[in-house]
Amino acid sequence: SKKNYKDNLNVSYGLGSFNTHQVTLNAYANIPNTKLFASISSYYVHSDNNYNIDVEIPNDFTGNLETKNVERFHDATRSAFIETKFGIRDVKFADLLEVGAMYFDFKKELQNNIRLTKPYGEALGTENSLIFTTNYQKKFNKLQLNIFGAYSNRKTLFDDTPENRYNWLGEATPIESNDNGGE
């Protein structure tokens, strides 16, 4: 938690393996001729996560398990965050009075079960949160008052309602109508 109260702007972009992209934007601005300020912090990250793994696949003729190196086909992840704050600093009634709003969004494709024995092709998890905050600080001689409050609304979803079954090569087979679904 950086305590820089000077006007600033930081923007970055990163590119990595497996189609990974990361963008950040952070800014702080003092409103001229006032004691008001505003800030924003944000990021966006995406990755395909399509690296290779070793898995056991039944041989088409013998049925015996053979280790094969395959590319992950359903393991992408995406995450986004933005936080804005508005406030006033160094006034008679408060050293700091600030209100903020944050939004977080996350999506994760699920490639396989935990033991790496069964591939998935459509299961995914999502989460998003909307958060509001207030922060009040005031120093009275040797006594310092710091009050922080927050309200959060968080939603999560695990979606495992596929229309197909998948093998490790990413090939889909439609699910029969009498199958109860779920990977």
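In what order do the elements of the protein run from the N terminus on? They run β-β-β-β-β-β-β-β-β-β-β, and the count for the protein is 0 helices and 11 strands, where helices (H or I, at least four residues) and strands (E, at least two) are DSSP runs, numbered from the N terminus. This is a predicted model, in which local features need pLDDT of at least 70 and side-chain atom pairs count only at pLDDT 80 or more, while totals for chains, interfaces and linings use all residues. Residues are numbered from 1 along each chain as its sequence is written, and side-chain values use heavy atoms, with hydrogens and water left out.

**Overall form**

The C-alpha atoms of the protein fill a box of roughly 80 × 35 × 30 Å, taken along the principal axes. The radius of gyration of the protein is 25 Å, whereas a compact globule of 183 residues would have one near 16 Å; this radius is taken over C-alpha atoms, and the globule rule is 2.2 Å times the number of residues to the power 0.38. The accessible surface comes to about 12400 Å², of which 55% belongs to carbon and sulfur atoms, with areas from the Shrake-Rupley method and a 1.4 Å probe, only the protein chains shown counting as cover for residues. Of the 183 residues, 27% count as buried, a term that means under 20% relative accessible area, with exposed being over 50% and partly exposed in between (1.4 Å probe, protein chains only). Among the contacts (heavy atoms within 4.5 Å) with a separation of 6 or more, 51% are accounted for by residues 24 or more positions apart.

Strand β6 (residues 77–91) pairs with strand β3 (residues 36–47) in the antiparallel sense over 12 bridges, and two strands are said to pair if DSSP finds at least two bridges between them. Within this pairing, Glu-83 in β6 is the bridge partner of Ser-41. Strand β6 also pairs with strand β7 (residues 94–109), again in the antiparallel sense, over 14 bridges, and β6 and β7 form a hairpin with 2 residues between them. Here the bridge partner of Arg-78 is Lys-107 in β7.

**Salt bridges**

The structure holds 7 salt bridges, each being a side-chain nitrogen of Lys or Arg within 4 Å of a carboxyl oxygen of Asp or Glu. The table lists some of them.

| Pair | N to O distance |
|---|---|
| Arg-78 and Asp-105 | 2.6 Å |
| Glu-83 and Lys-85 | 3.8 Å |
| Lys-85 and Glu-98 | 3.7 Å |

Arg-78 forms its salt bridge with Asp-105; because Arg-78 lies in strand β6 and Asp-105 in strand β7, the pair ties together parts that are 27 residues apart in sequence. Arg-78 is partly exposed, with a relative accessible area of 25%, while Asp-105, at 16% relative accessibility, counts as buried.

The side chain of Lys-85 meets that of Glu-83 in a salt bridge and also that of Glu-98 in another. The pair of Lys-85 in strand β6 and Glu-98 in strand β7 links distant parts of the chain, 13 residues apart. Lys-85 counts as partly exposed at 23% relative accessibility, whereas Glu-83 is buried, with a relative accessible area of 15%, and Glu-98 counts as buried at 12%. Elsewhere, Arg-72, Asp-75 and Lys-108 are linked in a network of salt bridges.

**A buried valine and a nonpolar patch**

Val-55 has its place in strand β4 (residues 52–58). Because its relative accessibility is 2%, Val-55 counts as buried. Leaving aside neighbours within four places in sequence, Val-55 is in contact with Glu-66, Thr-67, Lys-68, Val-70, Leu-116 and Trp-168. From C-alpha to C-alpha, Val-55 and Asn-8 are 49 Å apart in space, and they are 47 residues apart in sequence.

On the surface, Ile-82, Tyr-103, Leu-130, Phe-132 and Tyr-151 form a nonpolar patch with about 460 Å² of accessible area together. Patches are made of residues with over 30% relative accessible area and no salt bridge, like charges being joined within 9 Å and nonpolar side chains (Val, Leu, Ile, Met, Phe, Trp, Tyr) within 5 Å. One of the patch residues, Tyr-151, lies in strand β9 (residues 143–159) and is partly exposed, with a relative accessible area of 49%.
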